[in-house]
Amino acid sequence: MDRLESFRGSYARLITAIAGLPAESAAKMIEAYTAIPRERFIGPAPWKIVTSTGYVPVPTDDPAFLHQDFAVALLPDKHINNGQPSLHARCLAALQILAGEKIVHVGAGTGYYSAILANLTGPGGSVIAFELEKPLADKAAANLLDFSNVTVRNCSAAEGPLPECDVVYVNAGATAPLAAWLDALRPGGRLLFPLTASNGYGAMLLVKRTVENSFEAKFVCQAAFIHCSGARDAATEAKLLEAFKAGSITNPQRKGGLWEVKSLRRETEPDNTCCFAGNRWWLSTAN
C-alpha cells in the first residue's frame, strides 16, 4: 500500500464516521472512497478550501492534505467546489445504490463523485454525468477515461427528457423536484437533490417513485449548494426562505414542519397534510 492509499483509507473511515453511517453502509462507502484518488479530480496545487467566511489558501502541495473533510474550490470565481466528503457520503448512503443500477449525476464538476457513484454501481451499472460548465466537463471527461461505465455530457439536465434510470443525484440547488428528474425514474427509482432558498441554504430531499405517479419523500440533512441553472423559481425561493427561517428544517427535533414530510404530490391541490407547496407540486406529512 502506497502512502496516498493509506491516507485515503483513513480519510474514508473518518468521513463515514462523521456522516454517522451504519456499519453496512459505511463498509461500501469506505471501499468507494478508498478506491478513488481525490487529488486526481481536484488537480494540482495551489488549492483553496471552503470556510464559512470564504476561501482559504492552502500552504502545501502535498496531495495527502486533500484527504480531509472539507470542500475544495474548483472554479472559485463561480463558487463551484468539490463538495464536503462527509455530506456526500451521507447522501450516497441514503440513496442505497445497488450494483448494476443506472445513475444520472447532475452537476458532476470534475467527476470525483461521479467516480464514486461508478464504484458503487459497479461494472454492471452505469453513470451519466451532466456538467454545464465546459472547463469542468472537459476535465471530468479526462479524469473519467478509465471508467468504462461513465459518460460525461456537457449540457443541462434541467430539461427533459433524461435517460430512464434508477437514481438521479443532483449537486446543485433547485427550488423544485423537476419534472425531468421525476419522469426519468423507474419504479423504485430515487431522486436526491438540494431544495434550497435564494441564499443557497436548504436541505437534501430524497424522493422515491413507488408506482406510476406516487412518490415517497423525506429530508435527509441540511445542505448548501450553488444554484442549479434552469431549476430556480423566484417565488418559490422566497417561500422556501421563509420556511427555513421558521426553523422547521434546521431543527430535526422540532415537531411538525418539513422534517415530518412523507410524500411528494404532483398536479393535485394541497390538502390539510401539506407542509410546503410549490408550483404544481407539494410535500405532505401523509404517506
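Trainee: Let's start with charge. How many positive and negative side chains does the protein have?
Mentor: There are 27 positive and 27 negative side chains. Lys and Arg count as positive, Asp and Glu as negative, while His and the chain ends are not counted. The centres of the two sets lie 3 Å apart. Each charge is placed at NZ of Lys, CZ of Arg, CG of Asp or CD of Glu.

Trainee: What should I know about the model itself?
Mentor: It is a predicted model, where local features need pLDDT of at least 70, side-chain atom pairs count only at pLDDT 80 or more, and totals for chains, interfaces and linings use all residues. Residues are numbered from 1 along each chain as its sequence is written, and side-chain values use heavy atoms, with hydrogens and water left out.

Trainee: How many helices and strands are in the protein?
Mentor: The protein has 8 helices and 14 strands. These are DSSP runs numbered from the N terminus: helices are H or I with at least four residues, strands are E with at least two.

Trainee: And how compact is the protein?
Mentor: Its radius of gyration is 18 Å, close to the 19 Å from the globule rule for 287 residues, so the protein is as compact as a globular protein of that length. The radius is taken over C-alpha atoms, and the rule is 2.2 Å times the number of residues to the power 0.38. The C-alpha trace spans about 60 × 40 × 40 Å along its principal axes.

Trainee: What share of the residues is buried?
Mentor: Buried residues make up 52% of the 287. Buried means under 20% relative accessible area, exposed means over 50%, and partly exposed is in between (1.4 Å probe, protein chains only).

Trainee: What comes just after α4?
Mentor: Q96, with a positive phi of about 50°. Q96 sits in the loop between α4 and β5 (102-106). Its relative accessible area is 59%, so Q96 is exposed.

Trainee: Where are the cis peptide bonds?
Mentor: One joins A45 and P46, with omega about 5°. P46 is in the loop between α3 (38-42) and β1 (48-51). Another cis bond joins G160 and P161, with omega about -5°. P161 is in the loop between β7 (150-153) and β8 (165-170).

Trainee: New topic. Is L66 buried or exposed?
Mentor: L66 is buried, at 0% relative accessible area. L66 lies in the loop between β2 (54-57) and β3. Leaving aside neighbours within four places in sequence, L66 is in contact with Y11, R38, E39, I42, W47 and V72.

Trainee: And V72?
Mentor: V72 is in strand β3. V72 is buried too, with a relative accessible area of 0%. Its contacts, again leaving aside neighbours within four places in sequence, include R38, I42, W47, I49 and L66.

Trainee: Which side chain does T196 make a polar contact with?
Mentor: The side chain of R232, at 2.7 Å. A polar contact is a pair of N or O atoms within 3.5 Å; within protein, one must be able to donate a hydrogen and the other to accept it, and residues adjacent in sequence count only if both atoms are side-chain atoms. T196 lies in strand β9 (residues 185-196). T196 counts as buried because its relative accessibility is 0%.

Trainee: Last one. Is P123 buried or exposed?
Mentor: P123 is exposed, with a relative accessible area of 84%. P123 lies in the loop between α5 (112-121) and β6 (126-130).

Definitions and conventions. Contact = heavy atoms within 4.5 Å.
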